[in-house]
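Please open the structure in your viewer and keep the selection panel at hand.

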Amino acid sequence: MSSVDLGIVGAGPAGLAAAVEARSAGHSVALLDEAAHPGGQIYRNIDHAGAKQFELLGPDYAYGKALTKAFGKSGCSYLPKSSVWHVEQRDTGFRLSYSRDGRSHGVDVGSLIIATGALERPMPLPGWTLPGVTTAGAIQILLKASATVADDLVLVGSGPLLILLAAQLVTSGYPPRAIVETVPLKNYVRALPRVPFNASGLGYLYKGSKLLARVARAGVPIFRDARDIVIEGTKRVEAVSFRSKGRAHRVETMSVGLHHGVVPNQQITRLMRCEHVWDQRQHAFLPILTEDGETSVHGLFVAGDGGGIRGAHSAEIAGRLAALKVIERMTGESQAAVKSLRKKLKRDASVRPFLEALYPPFSEALVPSDDTLVCRCEEVTAGQIRDAVRDTASEANQVKSFLRTGMGPCQGRVCGLAVTELIAEASGRSRNDVGYFRIRPPLKPLSLNELADYETEAQ
Amino acid sequence: MTNTVISDLLVIGGGLHGCSAALFAAKRGMTVTVLEKDEVGQHASGTNAGGVRRLWRDIKEVPLANLSMEMWKSISEIVDDDCGFQQVPQVKVAECSDDMELLADRVALMKKSGFDHERLIDRNEVLSLLPAVNPRVEGGLVSDDGFALPWHTTAAFARKARELGVRIDTRTEARRIQKDGNTWRVTCSDGEYVGAHLLNCAGAWAGQVADQVGDNAPVEPIAPLMIVTQRMKPFCDCVVGTARRPLSFKQMANGTLVIGGARLGRVNTATNRTDVDFSELKHTANTARDVFPIMSKAVIQRAWSGIEARMPDLLPVIGRSEKHENVFHAFGFSAHGFQLGPATGKLVAELIDTGQKAPEIEPFGIKRFSAKPDHSQLLGM
Ligand SMILES: Cc1cc2nc3c(=O)[nH]c(=O)nc-3n(C[C@H](O)[C@H](O)[C@H](O)COP(=O)(O)OP(=O)(O)OC[C@H]3O[C@@H](n4cnc5c(N)ncnc54)[C@H](O)[C@@H]3O)c2cc1C
């Protein structure tokens, strides 16, 4: 079993920045990530991207090159294609168990920074499990890996990522067939007073408006204020039907991309039983963190979107900040940069209230109709969950015992928040009281052979 | 809540044993209240392996297990729910010739005591029962047992008990237990409960309850570890163990494999926290793969454990308190109490109601742990 001062999970902007910072202070660092190359969601595959991808994905993507370059030179022990399946507390810190190339290994770390980012919020609409339905995030992964996508895509939902993707698709020469936008018109009025009048905030808004303009110029129809959305089809997607501004529409297509925002990936912080609290503005559970990202578990930090959605730039700052905190602990010397980073982090977040007011999750997908599937793995519908609540289950874990929601291969990653939401709706209890699934290891499916052959102490 | 709840019987603990005893006491016409500090079935009863096993039980437990088995066969008549119970053979395979001897000795012992439900089988018979088993097995021991869905079973007992008028208060921890004349007064976070009789079904926490009524019970909380795999094509319709190596192995109706094997995780009864220890579970994975080579293709979906009570002699405590006529115990099932749920509840209710102690529960009195006076102190040493 090897051991290092600092372990980092996730090679996105938060994880990379943290690694570089801790290495520059001379500490030993191991960074683990499932992907084959550093970059995370936003800078996925950046070290191997061709000219075509750079053109398509724009300067915000190219920015990541500097980060991966600094990381490459940092001397960090980098473990790609390594999927962390268990984290345990030890006397000296934490032990990570991870799987790489079909074998399991362990590494002991003094402090731990979780930089596992966000997951797309599930969007259980009628028909969302039909073949041909995917998510905006999955389409972006395709773009970054191979720059090819379907040419009749209908994008359904809302949010910055949806607009960014639409613009990138326009540039790629495969503009979406239509955007079915779920933002109620009143949200524009609600968001207006939250426009951030500072350089950082306005910069974000300017970028957003440029993307929108690009989509509009390409003639992509945008159906605003969409509701009553149904994805139609028998064996696979055939069309999307909905009402927009009071009129019924039906757009034929073979492929649909859903998206209504991202939420913190809480698998590890839940496994470690960090305290979480419901955040109404982000409409998600967030781990409770100190200003510098430490959770309720001593020595365990979260940096980046895993601690609350704030985007790539904030993630990078938060990564550095968490690393500086770890350095302070180890050296006993306070770090000068901490103060200015905290300030930067606050400034960078100024656009969030505006975005959160404009793009809350789509209500029809939060509390889906009774016959809509919510848990795909165990095939449980919204109606079954409401019935269970009527049958006295009023907590997420009781519904899990009752209906097996969250016990399938995805371990609740997909259905977790939807189940909390439905119980809260049906029982009238707060989301904090309803809670979230208890997360059981392994975090990722693990072959029995790997466990049987896993040498934990020897070597 | 300021008013006091008064019942004939106060049960502490809403696991399978508490709910089962409550159900049978209600059937006898008693008014019953169950106090459960968490949720019904949250601990051992809802998280166990679901084995309805008689095979290889301590000989003292066999009569009780046999009675319970008869009740399992008609479980729907008891709780209006089939509890997912399936009657299937339970097989203990012999991995070498020494193992075969061990199994043969067991059959001889059983015969001497008048039991014939455990049968020695040869290699061919094992292979025909378990086509996917490692062909190197030497033979095995089999009995007609089965398995059920633990959480659903406990929920079904609770539901039926409620239908019969039992009051089950969850999130209600019995904190202070005091004698009040001839009755017992239990103070919880939000109210007081008074009972003419008191029954301790507090599982891993039963030692603390026993302590409050002056009984000594060396309960050790343990956290047995379990694995469930992703679905596989059906290949095993028995519950399987081995002669020497701890294993409990079964394939559920949905194709998943549920595997346990006496390996323990870490447990904290104050916080309800259990931690899975994969360096222990790897041995269980190894045994499963040795017995069923096809398991090298299995993928582990989830690991978990539940909080259970273990006694030093691995036998439960069932019966009347040593100190008080109207206090009773049913706890300490030492990782094999799920099967015993129906019969224990029935006989404990009978004991409380009529004072009759059925022979099946005779061996499990708490007296066997009575605190001996410490002579060294008396002698001033
Ligand atoms: C992982 C695992 C696998 C197992 N596999 C099998 C198997 O295959 N076959 C088998 O036969 N058995 C098995 N067992 C054993 C079986 O689950 C237990 O023996 C049985 O469920 C015990 O039931 P119980 O009601 O005594 O305990 P529990 O279910 O633990 O119930 C006790 C209850 O008392 C409550 N309580 C405690 N103190 C207080 C208080 N002061 N006030 C209020 N409430 C209180 C607790 O919250 C708890 O809910 C297994 C156990 C485990 C953990």
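The stops below begin with a whole chain and then turn to single elements and residues.

This is a predicted model, in which local features need pLDDT of at least 70 and side-chain atom pairs count only at pLDDT 80 or more, while totals for chains, interfaces and linings use all residues. Residues are numbered from 1 along each chain as its sequence is written, chains are lettered from A and ligands numbered from 1 in the order in which they are written, and side-chain values use heavy atoms, with hydrogens and water left out.

**Chain B as a whole**

Helices (H or I, at least four residues) and strands (E, at least two) are DSSP runs, numbered from the N terminus. Along the principal axes, the C-alpha atoms of chain B fill a box of roughly 65 × 50 × 40 Å.

Next, colour chain B by accessibility. Of its 381 residues, 56% are buried; buried means under 20% relative accessible area, exposed over 50%, and partly exposed in between (1.4 Å probe, protein chains only). Among contacts in chain B with a separation of 6 or more, 73% join residues 24 or more positions apart, a contact being heavy atoms within 4.5 Å.

**Two residues with positive phi in chain B**

Select B:Cys83, in the loop between helix H4 (75-79) and strand S4 (86-94) of chain B. Its phi is near 55°, a positive value in a residue other than glycine. Is B:Cys83 buried or exposed? B:Cys83 counts as buried because its relative accessibility is 0%.

Move to B:Ala262, in strand S15 (residues 257-264) of chain B. Here phi is near 60°, again positive in a residue other than glycine. B:Ala262 has 60% relative accessibility and therefore counts as exposed.

**A sheet in chain A**

Turn to chain A and select strands S8, S15, S9, S10 and S11, which form an open sheet of five strands in the order S8-S15-S9-S10-S11, with parallel pairing. Strand S8 (133-135) and strand S11 (222-223) of chain A are the edge strands, each pairing on one side only. Two strands pair if DSSP finds at least two bridges between them.

Within this sheet, select strand S9 (residues 153-158) and strand S15 (residues 255-260) of chain A, which pair in the parallel sense over six bridges. A:Gly157 stands opposite A:His259 in S15(A).

**A cis peptide bond**

Finally, select A:Pro441 and A:Pro442. The peptide bond from A:Pro441 to A:Pro442 is cis, with omega near -5°. A:Pro442 lies in the loop between helix H17 (431-434) and strand S22 (446-447) of chain A.
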